Amino acid sequence: MAKSDQDETTEKRRLHRIQCGFALLGFIFGGSYVFFYMAIDFWYAVWTILVSSLAIGAAIPMMRAGVSISFTGNWLTGVLVFGFTAMMYGEGGVTAHAAAWLAAAPLCGLMMISSRAAWAWAFISVSILTIFFALEMLGMKFPYRYAAEWHTLVAGLGFLGLGPFLFAIALTFELTRGRAVAAKERAMGNLAVANSKLKHANEEKDNFLGIVAHDLRNPLGLVDAYAQMLTMRDDIPGDALKQIDTILRSSKRMAGILDDLLNLNAIEQGNYPLSMDVYELGSVAEECAERARLKATEKGTVIQVKIASALNQAVIDERALGQVLDNLISNAVKYSPKASTVRIVSRQEGQASILEVIDDGPGFTDEDRKKLFQRFAKLSARPTGGESSTGLGLSIVKRITEAMSGTVECLPGEKIGTCFRLTFPAVEPQPVAAVEPEKVSSKPAPLSLRRRSDGNMG
């Protein structure tokens, strides 16, 4: 159960207990006054209390039937208002002790429902008292429906009973609040323990995943190296060469999966290295498109780059953005029909630098969009050339983009297909420094930023 749902359930239980306490107090106080009013032949008050008690009792089956706490709370407060309005009519108007009990209605609304309900019942109570006062000022007299000699006793007992009633309601409120706070503290403690265990398990999973992925790279590299050596021999039969080619393609795919796992692991652990600087996004897009064209030609797919805004610059990590674009372009080629066109657009809108990768594929269903950037997500669309997918690529795209203070979103194409839009804060156009040849390092890029030759991350 989510924390908000748990808090809501705890609050409902607390209000339910308060309302049950109010109903019980209504029966106790009402019953005690019934006997007194019967003794002095004040039958108007007896019947008013009995009707009110029946209405209060009706709230109990409502609660058991699952009627909302708000409704039952308003029902009980409304019965209180009705009962004491009727009592004012039979006890002389605004001078009756029932007027003081009526003024307590907003407090009951506050304790049993909410502050908003309390304001509403305060307005209703004040309106009723104002009407009685206005009528009396206009000369209307409300009679006493009991013998005059009992007036002092009736008024005294009425006012004296209000104090214990309010105290009992407040005590019920405080006891239920204390129980709710204690229950919440226990729940929070249990949640903290569960979160600690979950965090520990997640750390163990990440460590295990990193160890396994690293340990698999070495034997996989040997498989790939020996397979390439076999292709150089002249005495290998044609059928064997086909099998070796299958081995090479499979090892290449497995290396890609390991790279994806290591990348995702580094991102989630906060160990993903970034070297941020100002780059021209169109140039990065051109480089990525050039890398992808060789594989795209196998499906007859054309990759077009349109630089709509010159010097469309942003502060990014060039290699990381290249990794993101490699994935998006690879997916666009993978899921588009043969002999289709993949378009890459670089443009600037106001203070936003934008890159878009647009394809002519089948697009995504509403269900797909809900899990589009989740790990290991399996979508309804299928590659059109028998390619494979790990379900990690778009998850990595989202995390890398956000690490560079950018956003990624998936939009429908103008007619068909899909548009993946990358948005970064734009910077003022400035000359991009050229890299001197002697300063170019021959050291391979960090594993988490290394580009894949096929540009396929999933």
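Analyst: A residue is exposed when its relative accessible area is over 50%, and buried when that area is under 20%. Anything in between is partly exposed. The model here is predicted.

User: Why is Ala339 called exposed?

Analyst: Ala339 has a relative accessible area of 63%. The cut-off is over 50%. Ala339 therefore counts as exposed. Ala339 sits in the loop between α11 and β4.

User: How do you know whether Ser405 is buried or exposed?

Analyst: Its relative accessibility is 56%. Exposed starts over 50%, so Ser405 is exposed.

User: Why is Lys295 given its accessibility class?

Analyst: Lys295 has a relative accessible area of 41%. That value falls between the 20% and 50% limits, so Lys295 is partly exposed. Lys295 lies in helix α10. Its C-alpha is 9.7 Å from that of Lys334, which is 39 residues away along the chain.

User: How do you know what span to expect for α10?

Analyst: Helix α10 has 17 residues, 281-297.

User: What is found at the start of α10?

Analyst: A side-chain oxygen of Glu280 comes to within 3.1 Å of the backbone nitrogen of Gly282. A polar contact needs N or O atoms within 3.5 Å. The distance meets that cut-off.

User: What makes α11 mostly covered?

Analyst: Of its 18 residues, 16 are buried. Helix α11 reaches 26 Å from first C-alpha to last, close to the 26 Å expected. At its start, a side-chain oxygen of Asp317 reaches to within 3.0 Å of the backbone nitrogen of Arg319.

User: How are α11 and α13 oriented, and why is that label used?

Analyst: The two helices pack at about 150 degrees, with axes 10 Å apart. Angles over 145 count as roughly antiparallel. So α11 is roughly antiparallel to α13. Their crossing is left-handed.

Methods:
Residues are numbered from 1 along each chain as its sequence is written. This is a predicted model: local features need pLDDT of at least 70, side-chain atom pairs count only at pLDDT 80 or more; totals for chains, interfaces and linings use all residues. Side-chain values use heavy atoms; hydrogens and water are left out. Helices (H or I, at least four residues) and strands (E, at least two) are DSSP runs, numbered from the N terminus. The expected span of a helix is 1.5 Å times one less than its number of residues. A polar contact is a pair of N or O atoms within 3.5 Å; within protein, one must be able to donate a hydrogen and the other to accept it, and residues adjacent in sequence count only if both atoms are side-chain atoms. Axes are lines fitted to C-alpha atoms, for helices over the stretch in contact, and angles run from 0 to 180 degrees between N-to-C directions. Angles under 35 degrees count as roughly parallel, over 145 as roughly antiparallel, 65 to 115 as roughly perpendicular and the rest as oblique. A crossing is left-handed if the near helix is turned anticlockwise from the far one by less than a right angle, and right-handed if clockwise. Buried means under 20% relative accessible area, exposed over 50%, partly exposed in between (1.4 Å probe, protein chains only).
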